[in-house]
Amino acid sequence: MSDSEEESSSGADWPVTEEWLQAVLKSHHVDLPDPSSITVLDFTVRPGCDAGESVLSDILAVAVKYRLPDDPADEKHSLSFIVKLLPQDPFSRFFVTEAQFDLREIKFYTQVVPDLENFKSKNLAKETQLELPIPKCYYAHYNAGATEPEPTPPESVLVLENIKPHGYVGADFSRGLTLPQTAAAVESIAQVHALSLSLKVKEGKPLSERYPFLFQTTRASDSYQQLVERGLPQLSQFLEKKTGLENVLEALNMLRSNTKDIIESLLKPEEPMALITHTDFWCNNLMFKEEKDKGKATCCILDWQMVTYSRPTNDLALLLISSVPAELRRLHSDELLDGYWDTLTASCAKLGLNVETELNYDRKNLGEDYKRSQLLALLLCIGSVDVALGDPLTEGRLLELLRDLHNDGLLSTDIINKEQE
């Protein structure tokens, strides 16, 4: 997000009006006896991120001042939020609407999150804390569009809490995450995983019945395949200029002909540990509040457009492969997986679920699943390889990653062929 953009109090260049803001505020203050009497006093609208920073959404940052019924004349309330709209870029718009990534995120906030909060309130002891590390949702609207009687384009609007005023900042993808940031991200996703896993097990209702939109793996695989097919030639062209990577290039060429089968195999949920995953869990979808004097950070997870039902290690692998400097990844991956496991099992225990006893799943199983998830993470990174190319730091990190994966045998013919079966 940028503070350098010129602010506008009229919002004339954006689809944000006083009438629309009243609708958002009425949704936010739904418990008021007469929410229709909320008065908008003033508002500003500016771009919510730098140009090219967000591919799956156009983002606005809005700040509004308003008055509630029965407020004294000199009393004002204020609210800062982010508005997520369909992207204007034709390719990105088609990609989002075809895979219904916008609808996925809306359903995550309007269906999944309320269920998780309700489950938590019923099963968590009052003195115990377990927060969902995501922004609050204030308003959502979706219209799929139509072709008859007149063509109408799809509409998608999601209004979320702007956490930047609370001290959260984005990460530097070029440099990669620090160890405190990575540990905070791992802890945050473990809490979300724990809630969805415990909900599934303790209430005994398959999540496929609750949230069928999470199980559209074929549609998601098609979308990921499109990205990988676009990214592989760019990556191959980049690697051809480097020496000592002939075996990596050979493995990538093998991936090119089997991408969809491999993605479908790796996205396919495996019980008993299948749960709700973010599936786009990298540093540009995270914000951090840091306590540098304590060497700690708090992480908030954004952008749930690719939310699905899969194995938890898919999120962990994407984070560590895409967003962590090579040396940190080599030195601390096992430690970070330990931290994830400790948070996951402790959070599940708070909700009445003993993962090892009831699901017969332990830390060793997690490590084995993580190894498989690294191949999916690599494919997702290839699909977005353009964000890494052109920057010496990220290019160097990419080369180190490919060498490490090849040396670990994860790009071998046997592994790739196994994932197609």
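**A friendly note on this predicted model**

1. Let's begin with charge: the protein chain carries 41 positive and 67 negative side chains, and the centres of these two sets lie 3 Å apart. Here Lys and Arg count as positive and Asp and Glu as negative, with His and the chain ends not counted; each charge is placed at NZ of Lys, CZ of Arg, CG of Asp or CD of Glu.

2. A word on the basis. This is a predicted model, in which local features need pLDDT of at least 70 and side-chain atom pairs count only at pLDDT 80 or more, while totals for chains, interfaces and linings use all residues. Residues are numbered from 1 along each chain as its sequence is written, and side-chain values use heavy atoms, leaving out hydrogens and water.

3. The protein chain holds 14 helices and ten strands (DSSP runs numbered from the N terminus: helices are H or I, at least four residues, and strands E, at least two). Its radius of gyration is 22 Å, close to the 22 Å given by the globule rule for 421 residues, so the chain is as compact as a globular protein of that length (taken over C-alpha atoms; the rule is 2.2 Å times the number of residues to the power 0.38).

4. Along its principal axes, the C-alpha trace spans about 70 × 55 × 50 Å. Of the 421 residues, 50% count as buried, meaning under 20% relative accessible area with a 1.4 Å probe, protein chains only.

5. For a local detail, look at strands β8 (residues 286–291) and β9 (residues 296–301), which pair in the antiparallel sense over six bridges (pairing needs at least two DSSP bridges). Leu 286 has Ile 301 as its bridge partner in β9. Four residues lie between the strands of this hairpin, where Gly 295 takes a positive phi near 65°.
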